[in-house]
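Here is a note for a colleague who has not seen this structure before. Please read it with the model open.

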Amino acid sequence: MLTTVSDKGQVVIPVEIRRRLGITPGCQLDFSLEGHVIHAEVKRQVAQTTAEDGFGMLVCTRPGKRRLADFDVALAMREAKDDCP
């Protein structure tokens with residue numbers, strides 16, 4: 001399978017190879033050079049996630065009604081940091 005190197009040194013891995021090896025966005029490839037041959041080994045495969053997978057990760061235990069528009073991320077992170085040992 002023939003592919004062309006872009007100006008930035010990027011190549012597209014053919015879809016047949018990506019499917020066979022399970023290469024998805026976020027996978028890491030380890031390149032090595034042996035003479036004039038480039039080897040690429042899949043090192044880490046990342047499971048695809050959805051927005052629903054993150055449901056419940058952020059929990060607020062404060063009583064009362066809360067609105068997302070009133071939420072200050074930076075303040076919440078500072079407060080969480082202060083709560084950690």
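1. Basis. This is a predicted model, in which local features need pLDDT of at least 70 and side-chain atom pairs count only at pLDDT 80 or more, while totals for chains, interfaces and linings use all residues. Residues are numbered from 1 along each chain as its sequence is written, and side-chain values use heavy atoms, with hydrogens and water left out.

2. Domains. The chain is assigned domain 1 (5-42) and domain 2 (58-83); such bounds come from an automatic or database domain assignment. Taken over C-alpha atoms, the centres of domain 1 and domain 2 are 42 Å apart.

3. Salt bridge. The structure has one salt bridge, a term for a side-chain nitrogen of Lys or Arg within 4 Å of a carboxyl oxygen of Asp or Glu. The partners are K43 and E41, with 3.7 Å between the closest N and O atoms. E41 has a relative accessible area of 45% and is partly exposed (buried is under 20%, exposed over 50%, partly exposed in between, with a 1.4 Å probe and protein chains only).

4. Largest pocket. A pocket here is an open set of points on a 1 Å grid over the protein atoms alone, where a 1.4 Å probe fits, with protein on both sides within 12 Å along at least five of seven lines; lining residues have an atom within 4 Å of a point. The largest pocket holds about 740 Å³ of space, the volume being the space filled by probe spheres set on the points. Its lining has 23 residues, and V59, C60, R66, F71 and A76 lie nearest the centre. By class, 13 of the lining residues are nonpolar, three polar and seven charged (Ala, Val, Leu, Ile, Met, Phe, Trp, Tyr, Cys and Pro are nonpolar; Asp, Glu, Lys and Arg charged; the others, Gly among them, polar).

5. Second largest pocket. About 320 Å³ of space lies in this pocket. Of its 14 lining residues, V11, I13, L29, F31 and A40 are nearest the centre. At least two lining residues come from each of α1 (15-21), β1 (28-34) and β2 (37-44), and β2 gives the largest share, four residues. Helices (H or I, at least four residues) and strands (E, at least two) are DSSP runs, numbered from the N terminus. The lining has 12 nonpolar, two polar and no charged residues.

6. Loop residue. Where does A47 lie? A47 is in the loop between β2 and α2 (73-83). A47 is exposed, at 63% relative accessibility. P25 is 22 residues from A47 along the chain, and their C-alpha atoms are 9.3 Å apart.
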